[in-house]
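Open the model in your viewer and keep the sequence panel beside it. This tour tells you what to select at each stop and what is there.

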Amino acid sequence: MSEGSRPVVLETVAAVREAMASERASGRSIVYTPTMGALHAGHIAHVDRAAEIGDVRIVSIFVNPMQFGAGEDLDRYPRTLDDDLENLGARGVPYVFAPSVAEMYPTGPSQTVVSAGKIGTLYEGAARPGHFDGVLTVVAKLLNIVQPDVVTFGQKDAQQLFLVRRMITDLNLPVRVEVIPIVREDDGLALSSRNRFLDANQRRAARTLSIALEAAASAAERGLDAALAAAQGALMGEPLVDLDYFKIVDPATFLPVDDRHKGRATAIVAAKLGSTRLIDNEMIHLG
Ligand code: AMP
């Protein structure tokens, strides 16, 4: 397919299986990017990277009801399929899987659920009970449908990335994960499909998340307490930021580090601006 033409849109599991089987039979490797659509430059970084590491790219666009809790933003989650297809076509992506909810859950809500375990109940999982079970279950289904050689996941959703890797290890899923770095706005705000909900004042205040992460990174050579204090200093100054958590976790376990921990760690932050929940993270080095 030439660049600029729209991707082939596959709406059924059977159509994906058939298309991927034919690509595989031709000896081509498959790189898959799962998304919920409302695509931005962060998602585009995935498909651009995918072009470098494999032969055939496929992107799924599916807003998975199972990972949204009651009272969350499932109904208002942005759906921009037409623009998404245009963007993916412009990057030469040949296939999009855009199933309906009924296609993904034909017999109603999944009775078989992948449990994200203890780490799935912390941080994002504490704020959104059941969220990561919903994520892992749909990711397992999607991987079984597409059967890619490589799947891309963003560092932006650090806890999700940790849990997906853990599932792939625990369940021996035959796929390699390619991690895509966080794409940010010029002022540091991590791109997110939810940023469009911020009004002008919230948008300005949203910079505070990445500023707090930077402050923690700069102070980290002086140890954990210094890093946490620096982040808190940045966050306290912005009344529009309703902080949920700022934690520094061990990348190997995703549990909070104590002050004996030296070396690489992940600073993670979540906050609400109005009714919009944002998350961000950064690798830091504790001295
Ligand atoms: P979503 O559509 O939000 O489910 O995200 C689909 C994929 O894009 C996930 O692997 C996310 O981690 C990744 N992603 C989201 N935002 C960004 C970003 N700013 N930079 C890079 N990847 C991202």
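**Stop 1: Thr-266 and its surroundings**

Select Thr-266: apart from its neighbours within four places in sequence, Thr-266 is in contact with Lys-247, Ile-248, Val-249, Pro-251, Asn-281, Glu-282 and Met-283. Contact means heavy atoms within 4.5 Å. This is a predicted model, in which local features need pLDDT of at least 70 and side-chain atom pairs count only at pLDDT 80 or more, while totals for chains, interfaces and linings use all residues. Residues are numbered from 1 along each chain as its sequence is written, and side-chain values use heavy atoms, with hydrogens and water left out.

Thr-266 lies in strand β8. Helices (H or I, at least four residues) and strands (E, at least two) are DSSP runs, numbered from the N terminus. Is Thr-266 buried or exposed? Thr-266 has 2% relative accessibility, so it counts as buried. Buried means under 20% relative accessible area, exposed over 50%, and partly exposed in between (1.4 Å probe, protein chains only).

**Stop 2: the sheet**

Now select β7, β8 and β9. These 3 strands form an open sheet in the order β7-β8-β9, with antiparallel pairing. Two strands pair if DSSP finds at least two bridges between them. Because β7 (242–249) and β9 stand at the edges with a single partner strand each, one side of each has no neighbour in the sheet. On average, neighbouring strands of this sheet are turned by 15° against each other, direction ignored. Axes are lines fitted to C-alpha atoms, for helices over the stretch in contact, and angles run from 0 to 180 degrees between N-to-C directions.

Strand β8 (residues 263–273) and β9 run antiparallel and are joined by 11 bridges. To see one of the pairings, select Ile-268, whose bridge partner in β9 is Asn-281.

**Stop 3: two loops**

Go to the loop between β7 and β8, where Phe-254 is found. Phe-254 is not a glycine, yet its phi is positive, about 60°. Its relative accessible area is 3%, so Phe-254 is buried.

Next, select Ala-38 in the loop between β2 (30–35) and α2 (41–53). Ala-38 also has a positive phi, near 50°, and at 1% relative accessibility it counts as buried.

**Stop 4: helix α7**

Select residues 158–170, which make up helix α7. How far apart are its end C-alpha atoms? They are 18 Å apart, which agrees with the 18 Å that 13 residues should span at 1.5 Å a residue. The expected span is 1.5 Å times one less than the number of residues. The buried residues of α7 include Leu-161, Phe-162, Leu-163 and Val-164. The buried residues of α7 pack against α5 (124–127), α6 (131–146), β5 (150–154), β6 (176–180) and β9 (276–286). After α7 comes Asn-172, with a positive phi near 55°.

**Stop 5: the two domains**

Finally, colour domain 1 (8–180) and domain 2 (193–286) separately. The domain bounds come from an automatic or database domain assignment. The C-alpha centres of the two domains lie 26 Å apart. The contact takes 23 residues from domain 1 and 22 residues from domain 2.

Domain 1 and domain 2 bury about 1800 Å² between them, 54% of it on carbon and sulfur atoms. Buried area is the accessible area (1.4 Å probe) that two parts lose on being put together, summed over both.
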